[in-house]
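Subject: The structure to look at

Hi,

Here is the structure I promised to pass on. Have a look at it first, then read my notes below.

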Amino acid sequence: LSEFIPTWLDSIKRDVTATTYSDYVKRCRLFIIGPLGHYRLCDIDAKLIRLWLGKTRDNYAFNSAKQARAILERILDLAMEDKLIEENPARLVNPPKPPRKLDNREDDEGQHAMTVDQVARILAEAKRCDVYEHPGVRSSVVKSHGLYMLYTLEFKTGLRRGEILGLRWKDIDFENRVMRIRQQV
């Protein structure tokens with residue numbers, strides 16, 4: 001399989017953006033080549049894929065496992081087109097299902113979402129930590145870490161940290177109270 005993956009990557013290179021191609025290369029290396037690369041194409045079957053998918057799902061996020069399975073299916077589709085295998089065993093394996101939530105406030109690890117009081121305590125602590133007096137300098141001089149603003153943006157908008165860190169001044173229209181998310185870090 002590891003010898004065939006570059007063939008598949010070459011076949012899609014013209015049809016996807018450079019960013020998408022780079023993402024496919026990374027996902028192949030991380031999720032497929034390590035655990036499955038040493039198998040001969042003809043030895044990959046549905047049972048092996050189910051085992052691999054289960055381990056991938058246990059060790060990585062749900063979407064990563066789902067995307068890895070989809071990539072493997074596309075790789076094996078090309079192997080089938082090239083008559084290297086008779087059927088695509090990945091098609092026999094259902095994509096992973098999203099994790100079941102016990103209630104709408106609980107995540108995968110059984111942790112509950114923060115309460116309003118907990119958010120208020122975090123914001124109060126961030127505000128307290130943001131402003132401090134520099135030793136040996138007049139008390140009117142203060143410095144801000146920007147934690148309060150970052151946490152406030154995160155809690156009030158639902159933006160991810162990478163989206164907040166990707167914000168630039170030109171992305172914010174204070175007059176019309178509009179913020180555009182154009183990139184992430």
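**What I found**

Let me start with the charges: Arg-69, Glu-73, Asp-77 and Arg-91 are linked in a network of salt bridges. A salt bridge here is a side-chain nitrogen of Lys or Arg within 4 Å of a carboxyl oxygen of Asp or Glu. Before going further, please note that this is a predicted model, in which local features need pLDDT of at least 70 and side-chain atom pairs count only at pLDDT 80 or more, while totals for chains, interfaces and linings use all residues. Residues are numbered from 1 along each chain as its sequence is written, and side-chain values use heavy atoms, with hydrogens and water left out.

**Inside the network, and other pairs**

(Helices are DSSP runs of H or I with at least four residues, strands are runs of E with at least two, and both are numbered from the N terminus.) Are Arg-69 and Glu-73 buried or exposed? Both are buried. Buried means under 20% relative accessible area, exposed means over 50%, and partly exposed is in between, using a 1.4 Å probe and protein chains only.

A search of the whole structure finds 10 salt bridges. Another one joins the side chains of Asp-43 and Arg-40, at 3.0 Å from N to O. Asp-43 counts as partly exposed, at 38% relative accessibility, and Arg-40 counts as exposed, at 55%. Then there is Glu-163 with Arg-160, where the closest N and O atoms are 3.8 Å apart. Glu-163 is buried, with a relative accessible area of 17%, whereas Arg-160 counts as exposed at 58%. As background, side chains of opposite charge can pair when their charged atoms come close.

**The overall layout**

The chain has seven helices and four strands. From the N terminus on, the order is α-α-α-α-α-β-β-α-α-β-β. Of its 185 residues, 29% count as buried. The chain exposes about 13600 Å², and carbon and sulfur atoms supply 51% of that; these areas come from the Shrake-Rupley method with a 1.4 Å probe, and for residues only the protein chains shown count as cover. If you take the contacts (heavy atoms within 4.5 Å) with a separation of 6 or more, residues 24 or more positions apart account for 46% of them.

**The core**

The largest nonpolar core has 30 residues, and those with the most contacts inside it are Leu-1, Trp-8, Ile-32, Ile-75 and Leu-76. Such a core is a set of buried Ala, Val, Leu, Ile, Met, Phe, Trp, Tyr and Cys residues joined through side-chain atoms within 4.5 Å. H1, H2, helix H3 (46–59) and H4 are the elements that give two or more residues to this core. H4 supplies the largest share, eight residues. Leaving out residues up to four places away in sequence, Leu-76 touches Leu-1, Leu-41, Ile-44, Ile-49, Ile-85, Asn-88, Pro-89 and Ala-90.

Helix H1 (residues 5–12) is worth a look too: Ile-5, Trp-8, Leu-9 and Ile-12 are buried there. They are on the same side of H1, because they cover an arc of only 100 degrees around the axis, the arc being that of the directions from the helix axis to the C-beta atoms. What do the buried residues of H1 pack against? Their partners are helix H2 (18–36) and helix H4 (62–81).

Leu-147, Leu-150, Tyr-151, Leu-165 and Val-185 make a nonpolar surface patch of about 440 Å². Patches are made of residues with over 30% relative accessible area and no salt bridge; like charges are joined within 9 Å, and nonpolar side chains (Val, Leu, Ile, Met, Phe, Trp, Tyr) within 5 Å. Helix H6 (residues 147–157) gives the most to this patch, with three residues. Val-185 lies in the segment after strand S4 (178–179) and counts as exposed, at 70% relative accessibility.

Thr-152 is also found in H6, but Thr-152 is buried, with a relative accessible area of 17%. Neighbours within four places aside, Thr-152 is in contact with Leu-123 and Thr-157.

Cheers
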